[in-house]
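The following note sets out points for a colleague who has the coordinates open. Each point takes up one part of the chain.

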Amino acid sequence: MSLAMVLKLLDKSFEMTEIGRSGRMTGHHGPYCTLDLNVPIMRLWLNVEAELRGDFRLSRRAMEAVQRLLRREQDHGWGGELELLIYVYWLAHALSYTVVARVFNVPKSTVHRIVHRVANHISRNLHRAISFPQAGDLQAVGQGFADLSGTPGFKKIVGAIDGSHIRIKPPAQHRIDYLNYKGFYSINLQAICDARGKFLDIFVGYPGSVHDTRVMKNSSVYRAGRYPPPGFMILGDGGYQCLDAPVCVMTPYKEPVNGPIQARYNYHHAKGRSIIERAFGMMKTRWRCTLFKALEVRPTFTPQIIASCAFLHNVCMDNGDLLEPDEDVARDVFDPQPPRDPLAINERPGHATRDWLAAQL
């Protein structure tokens, strides 16, 4: 069907079901806004041969996948599609609600409601794109790290963990809590990724002053021992403790190393662990307008935005929409701070396991 025919069929007002604060349908059906199919951004979306990356930072294939993953039972007509288009456009450009309203020719108040509603919806459905591998997939994940690190000795590595600081405009109260050791205000994003750079788990929301180890100890990965499974390990930088339990995290040997075995281990460890920095770099490059400057939203809303970016990053990866990190983003990597706290009573050091692993290389 041609674009002209689509426009002719769809050039009318649409109705949406309003959603109450509880998240339930209110039962009131009425005009949400007029869907203006003549604005350039909607004509672009309806032209199935047009590429979307320049305006939405997603390929058309990835955008259509997002639409499918987040479709709700109560979505009717154009409601759900338009909401996602508005949200992703806002995320891609970090524009004011007023400017986005003009682009889509909808009320400013509508844009505000949509941004918060879609961010909340994505946060509740992260599992649709971000999840740990099934038991049957662990061997393939391990092989990915063996290939990435350049040694078959790392075939039991099934993830890399690190934290990233997302710049924010600090709140008036407790602003010092958000000041990180690099001297700017931020919120912590902890993530575990596979050897391709796809996120397996995210934990976001702690103020920038909180150390990586403290963030990890408050995450469900640590508290519930959710990952990795017994017999497997994840890689972490020198900012983490080398642990066997409750999470098996293998860190590098401290420099200067003691002999060629430790040096060889550190070399392969660095090659394998670097993928988590690359994953953060890819995500920040795609959403650089939002993530590479201070987010000017309330800190209580910021975690949902960051989670949305991680969710969309994974959807893009699953649909072949890949990009290289920009050079300035790739350089935005923090040197790890050494762990501040001694081992807790529930923690078992992983030095013997690390020595065993190093001897296999």
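1. Helix α5 is mostly covered, with 13 of its 15 residues buried. The model is a predicted one, and the remarks here should be read accordingly. From its first C-alpha to its last, α5 reaches 22 Å, close to the 21 Å expected at 1.5 Å a residue. Directly after α5 comes Ala-94, which has a positive phi near 55 degrees.

2. Helix α5 (residues 79-93) packs against helix α7 (residues 108-124) at an angle of about 90 degrees, and their axes are 9 Å apart. The range of 65 to 115 degrees counts as roughly perpendicular, so α5 is roughly perpendicular to α7. On the α5 side the contact involves Glu-83, Leu-84, Ile-86, Tyr-87 and Trp-90. These meet Val-111, Ile-114, Val-115, Arg-117, Val-118, Ala-119 and Ile-122 of α7. By class, the residues of this contact divide into 10 nonpolar, no polar and 2 charged.

3. Which residues of α7 are buried? They are Thr-110, Val-111, Ile-114, Val-115, Arg-117, Val-118, Ala-119, His-121 and Ile-122. An α-helix has 3.6 residues a turn, so residues three or four places apart point the same way. Among the buried residues of α7 are Val-111, Ile-114, Val-118 and Ile-122, and these four also take part in the contact with α5. The length of α7 agrees with expectation, because its 17 residues should span 24 Å at 1.5 Å a residue and its end C-alpha atoms are 25 Å apart.

4. Strand β4 (residues 186-193) is also mostly covered, with 8 of its 8 residues buried. In a regular strand the side chains alternate between the two faces of the sheet. On one side of β4 lie Ser-186, Asn-188, Gln-190 and Ile-192, and on the other Ile-187, Leu-189, Ala-191 and Cys-193; both faces are covered.

5. Strand β4 has pairing partners in β3 and β5. With strand β3 (residues 157-167) the pairing is antiparallel and comprises 8 bridges; within it, Gly-163 has Gln-190 of β4 as its bridge partner. With strand β5 (residues 199-207) the strands again run antiparallel, joined by 6 bridges.

6. Tyr-206 belongs to strand β5. Is Tyr-206 partly exposed or buried? Tyr-206 is partly exposed because its relative accessibility is 28%, whereas buried would require under 20%. Apart from neighbours within four places in sequence, the contacts of Tyr-206 are Ile-187, Asn-188, Val-215 and Asn-218. Two of these, Ile-187 and Asn-188, are buried residues of β4. Tyr-206 and Pro-303 are separated by 97 residues in sequence, yet their C-alpha atoms are 9.0 Å apart in space.

7. Most residues other than glycine have a negative phi, and most peptide bonds are trans. One joins Ala-245 and Pro-246, with omega about 5 degrees; Pro-246 is placed in the loop between β7 (243-245) and β8 (249-250). Another runs from Glu-255 to Pro-256, with omega near -5 degrees, and Pro-256 sits in the loop between β8 and α11 (260-286).

8. Arg-57 has a positive phi of about 65 degrees and lies in the loop between α3 (53-56) and α4 (60-69). With a relative accessible area of 23%, Arg-57 is partly exposed. Asn-105 has a positive phi of about 55 degrees and occupies the loop between α6 (97-104) and α7. Its relative accessible area is 43%, so Asn-105 is partly exposed as well.

9. For the chain as a whole, the secondary structure comes to 15 helices and 9 strands. Of the 361 residues in the protein chain, 52% are buried. Among contacts between residues at least 6 apart in sequence, 67% join residues at least 24 apart.

Terms used: Residues numbered from 1 in each chain as written. Predicted model: local features only at pLDDT ≥ 70, side-chain atom pairs only at ≥ 80, totals over all residues. Heavy atoms only, no water. Axes fitted to C-alpha atoms, helices over the stretch in contact; angles between N-to-C directions. Helix = DSSP H or I, 4+ residues; strand = E, 2+ residues; numbered from the N terminus. Parallel < 35°, antiparallel > 145°, perpendicular 65-115°, else oblique. Contact = heavy atoms within 4.5 Å. Nonpolar A, V, L, I, M, F, W, Y, C, P; charged D, E, K, R; others polar. Expected span 1.5 Å × (residues − 1). Buried < 20%, exposed > 50% of the residue type's maximum accessible area, 1.4 Å probe, protein only. Pairing = 2+ DSSP bridges.
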